[in-house]
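Student: I would like to learn how to read the features of a protein model. Can we take them one at a time?

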Amino acid sequence: SSSASAYMLLYRRRDPSVNKSSVPDDMVPEGLRNWMQRRAAEEERQAEEQRQSLNRLNLTVYCGRWERVLAVDKNKTLSELLCLVQASFAAELSGLPLDSIRLRRYHTTTDVMQEAIGPDDDGSSTLASLA
């Protein structure tokens, strides 16, 4: 027969001049400090991944019968996207100049192509501005 209890008894001194408000780093065990550093680094990595995923678009690009999914930063300009598409379809578009490539919105549910999306005169419009 066991008599385990979920309570813990804590003794503390009532004299505030003797009580410690914080523990110096050298009193914390090395294993616990390492664990806290690993946990902080992991949380920072997850936060960075979250920031990146919120700032990324997955675009399906069709070129004739070929199809590629490109993960693109929303802050990229349309000119940069055109260059990325040209590089992605390098074999299929070999020798085709950049100004001959057109991007269009395509609705997969209705199978309808819409207006062409082109860069502004200065090429500074971003993908985020299209959403």
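This is a predicted model: local features need pLDDT of at least 70, side-chain atom pairs count only at pLDDT 80 or more; totals for chains, interfaces and linings use all residues.

Student: What is the order of elements in the protein chain?

Tutor: From the N terminus on, the order is α-β-β-α-β-β, that is, two helices and four strands. Of the 131 residues, 14% count as buried.

Student: Which residues of the largest nonpolar core touch the most other members?

Tutor: The general idea is that in soluble globular proteins, nonpolar side chains tend to be buried together. Here the largest nonpolar core has 14 residues, and Leu81, Val85, Phe89 and Leu103 touch the most other members. Strand 1 (56-63), strand 2 (66-73) and helix 2 (78-88) each supply at least two residues of this core. Helix 2 gives the largest share, four residues.

Student: Which residues is Phe89 in contact with, leaving aside neighbours within four places in sequence?

Tutor: Phe89 is in contact with Val61, Cys63, Trp66, Glu67 and Arg68.

Student: Which residues are buried in helix 2, and what covers them?

Tutor: The buried residues in helix 2 are Leu78, Leu81, Leu82 and Val85. They lie on the same side of helix 2, because the arc they cover around the axis is only 100°. Their cover includes strand 1, strand 2, strand 3 (103-107) and strand 4 (112-117).

Student: How many salt bridges are found in the whole structure?

Tutor: In general, side chains of opposite charge can pair when their charged atoms come close. A search of the whole structure finds six salt bridges. One of them joins Arg33 and Glu30 at 3.2 Å, N to O. Both residues lie in helix 1, three residues apart, or about one turn of the helix.

Student: What about Arg39 and Glu43?

Tutor: Their side chains meet in a salt bridge at 3.3 Å, N to O. Arg39 and Glu43 are four residues apart in helix 1, again about one turn.

Student: Which residues are linked in a network of salt bridges?

Tutor: Glu42, Arg45 and Glu49 form that network. Within it, the side chains of Glu42 and Arg45 meet at 2.4 Å, N to O. Glu42 is partly exposed at 31% relative accessible area, and Arg45 is partly exposed at 38%.

Conventions
Residues are numbered from 1 along each chain as its sequence is written. Side-chain values use heavy atoms; hydrogens and water are left out. Buried means under 20% relative accessible area, exposed over 50%, partly exposed in between (1.4 Å probe, protein chains only). A nonpolar core is a set of buried Ala, Val, Leu, Ile, Met, Phe, Trp, Tyr and Cys residues joined through side-chain atoms within 4.5 Å. Contact means heavy atoms within 4.5 Å. The arc is that of the directions from the helix axis to the C-beta atoms. A salt bridge is a side-chain nitrogen of Lys or Arg within 4 Å of a carboxyl oxygen of Asp or Glu.
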